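Look through the sequence and the structure first, then read the points below.

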Amino acid sequence: MLFELMEPEEANPVRQLMKYHKGTAGSVMTSEPVILTPDSTVAEALARIREPQLPPAVAAQVFVTRAPMATPTGRYLGIVHFQRLLREPPAEILGGVLDSGIDPLRPETPLVEVTRRMATYDLVALPVVDGANRLVGAVTVDDVLDHSLPPDWRDRDTAPGGAGG
């Protein structure tokens, strides 16, 4: 099996995602969003989202939770968007600037609902929490697009009227 060829730390997140039904938030989420505690500083958050290996949609916000920091985390508290981080003093703690007004998704939330909420509120990512309000991942706009577009969309020419490749 493919899992036997993978390192355990690589295989475990894939196993977790496979337990969710296709077409749900849980089936498309990333299990490794940027996660910090409420006593972390804005400076620490900015340093984390600057990491070059992070995709832009993942780096657009920091999810704030209680320890432990690996998914599933401790209790989910809220999000701090990168724009807010840029406007705050570096020594400010995240617990004082987080947005707790965005209702998290559940793993079983259908992708249609995820897409609707992202579009309605102009979000690039939404938290996904379990029944104990622990962060289990985040769905990004990239995740939604990857599962909404046909598998060969990258291989197609540009839209009609555009310069074809």
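The model is predicted. The chain has 165 residues, and 39% of them are buried. Its secondary structure consists of eight helices and five strands.

**The chain as a whole**

- Strands of a sheet pair through backbone hydrogen bonds, and the pairing can be parallel or antiparallel.
- Strand β2 covers residues 61-65; β1 and β2 run parallel and are joined by two bridges.
- Across this pair, L36 is opposite V64 of β2.

**The pair of helices α7 and α8**

- Two packed helices are described by the angle between their axes and the distance between those axes.
- Helix α7 spans residues 111-121 and helix α8 spans residues 141-148; they pack at an angle of about 135 degrees, and their axes are 11 Å apart.
- Are the two helices parallel, antiparallel, perpendicular or oblique to each other? An angle over 145 degrees would count as roughly antiparallel, and one from 65 to 115 degrees as roughly perpendicular. The angle here is about 135 degrees, so α7 and α8 are oblique to each other.
- The crossing of α7 and α8 is left-handed.
- On the α7 side, the contact is made by L111, V114, T115 and M118, which meet V141, V144 and H147 of α8.
- By type, the residues of this contact are five nonpolar and two polar, with no charged residue.

**A buried loop residue**

- T109 sits in the loop between α6 (82-87) and α7.
- Is T109 buried or exposed? Buried means under 20% relative accessible area; T109 has 13% relative accessibility and therefore counts as buried.
- Leaving aside residues up to four places away in sequence, T109 touches G23, T24, A25 and V114.
- V114 is also one of the α7 residues in the contact with α8.

**Cis peptide bonds**

- A67 and P68 are joined by a cis peptide bond, with omega about 5 degrees.
- P68 is found in the loop between β2 and β3.
- The peptide bond from T71 to P72 is cis as well, with omega near -5 degrees.
- P72 is also placed in the loop between β2 and β3.

- D122 is a residue other than glycine, yet its phi is positive, near 50 degrees.
- This residue, D122, lies in the loop between α7 and β4 (125-129).
- With 70% relative accessibility, D122 counts as exposed, as the cut-off for exposed is over 50%.
- N133 is not a glycine either, and its phi is positive at about 60 degrees.
- The loop that holds N133 is between β4 and β5 (135-140).
- N133 has a relative accessible area of 25%, so it is partly exposed.

Key:
Residues are numbered from 1 along each chain as its sequence is written. This is a predicted model: local features need pLDDT of at least 70, side-chain atom pairs count only at pLDDT 80 or more; totals for chains, interfaces and linings use all residues. Side-chain values use heavy atoms; hydrogens and water are left out. Two strands pair if DSSP finds at least two bridges between them. Helices (H or I, at least four residues) and strands (E, at least two) are DSSP runs, numbered from the N terminus. Axes are lines fitted to C-alpha atoms, for helices over the stretch in contact, and angles run from 0 to 180 degrees between N-to-C directions. Angles under 35 degrees count as roughly parallel, over 145 as roughly antiparallel, 65 to 115 as roughly perpendicular and the rest as oblique. A crossing is left-handed if the near helix is turned anticlockwise from the far one by less than a right angle, and right-handed if clockwise. Contact means heavy atoms within 4.5 Å. Ala, Val, Leu, Ile, Met, Phe, Trp, Tyr, Cys and Pro count as nonpolar, Asp, Glu, Lys and Arg as charged, and the others, Gly among them, as polar. Buried means under 20% relative accessible area, exposed over 50%, partly exposed in between (1.4 Å probe, protein chains only).
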